[in-house]
Amino acid sequence: MKVYTTYLYKLKNIPEDATKLFVARDLKPHILDSLNKYNCIHTPQVAPSRELRDKYKQGEIDYADFLSEYAKEQQNLDKQEVLDFIKLIDSNKDLYLICYEKDDMQCHRSILREIFNCNGIECIEYK
């Protein structure tokens with residue numbers, strides 16, 4: 001299994017047999033059709049909270065603070081949410097973590113990638 005991070009507009013380029021997880025909190029109405037079309041599973045449990053996302057988007061915190069707070073949120077995930085997320089991962093298939101942001105380094109995907117890498121699972125940006 002290989003693990004990749006990427007953004008929504010690359011969804012059509014991802015191999016059909018891969019596991020595709022959309023790791024954003026909210027779905028814009030027109031996005032649901034694309035997720036269904038490409039067999040992508042919505043996994044909001046690993047996305048930043050709405051409150052944190054809004055604080056960042058409204059300029060109340062900078063990106064470094066956003067990442068720090070997001071990492072804390074991930075450490076406090078409910079055990080069942082973590083188990084539910086892990087059940088979606090098939091070790092025989094490549095895994096793609098997908099979000100809205102084009103710039104991987106300005107998205108919480110970079111933290112998810114770091115979590116995988118720190119746990120011995122190589123995770124790279126899909127280009």
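In this report, two residues are in contact when heavy atoms lie within 4.5 Å of each other. The structure is a predicted model, in which local features need pLDDT of at least 70, side-chain atom pairs count only at pLDDT 80 or more, and totals for chains, interfaces and linings use all residues. Residues are numbered from 1 along each chain as its sequence is written, and side-chain values use heavy atoms, with hydrogens and water left out.

Leaving aside neighbours within four places in sequence, Gln-45 is in contact with Gln-74, Leu-77, Glu-81, Asp-84 and Phe-85. Gln-45 belongs to the loop that joins strand 3 (40–42) to helix 2; helices (H or I, at least four residues) and strands (E, at least two) are DSSP runs, numbered from the N terminus. Its relative accessibility is 14%, so Gln-45 counts as buried. Buried means under 20% relative accessible area, exposed over 50%, and partly exposed in between (1.4 Å probe, protein chains only).

Asn-39 sits in the loop between helix 1 and strand 3. Asn-39 is exposed because its relative accessible area is 59%. Although Asn-39 is not a glycine, it has a positive phi of about 50°.

## Helix 3

Helix 3 covers residues 63–75, 13 residues in total, and reaches 18 Å from its first C-alpha to its last. This is close to the 18 Å expected at 1.5 Å a residue, where the expected span is 1.5 Å times one less than the number of residues. The buried residues of helix 3 are Tyr-63, Phe-66, Leu-67, Tyr-70 and Gln-74. Viewed down the helix axis, they fall within an arc of 95°, so they line one face of helix 3; the arc is that of the directions from the helix axis to the C-beta atoms.

The cover over these buried residues includes helix 2 (50–57) and helix 5. On the face turned away from the buried side, helix 3 carries the exposed residues Ala-64 and Gln-75. At the start of helix 3, a side-chain oxygen of Asp-62 comes to within 3.3 Å of the backbone nitrogen of Ala-64.

## The nonpolar core

A nonpolar core is a set of buried Ala, Val, Leu, Ile, Met, Phe, Trp, Tyr and Cys residues joined through side-chain atoms within 4.5 Å. The largest one here has 32 residues, of which Phe-22, Leu-97 and Ile-98 touch the most other members. At least two residues of this core come from each of strand 1 (3–7), strand 2 (19–22), helix 1 (31–37), helix 3, strand 4 (95–99) and helix 5. Strand 4 gives the most, with five residues.

Not counting residues up to four places away in sequence, the residues touched by Phe-22 include Leu-8, Leu-27, Ile-31, Leu-35, Ile-98 and Tyr-100.

## Cysteines

The structure holds zero disulfides, a disulfide being a pair of cysteine sulfur atoms within 2.5 Å. Cys-107 is in no disulfide, and the nearest cysteine sulfur, that of Cys-99, is 3.8 Å away. At 2% relative accessibility, Cys-107 counts as buried.

For Cys-123, the closest cysteine sulfur is in Cys-118, at 11 Å, which is too far for a bond. Cys-123 is buried, since its relative accessibility is 3%.

## Ile-121

Ile-121 lies in the loop between helix 5 (109–118) and strand 5 (123–125). With 30% relative accessibility, Ile-121 counts as partly exposed. Apart from neighbours within four places in sequence, Ile-121 is in contact with Met-1, Val-3 and Phe-116. The C-alpha atoms of Ile-121 and Lys-2 are separated by 8.1 Å, while the two residues are 119 residues apart along the chain.

Note on methods:
Polar contact = N/O pair within 3.5 Å; in protein donor to acceptor, adjacent residues only side chain to side chain.
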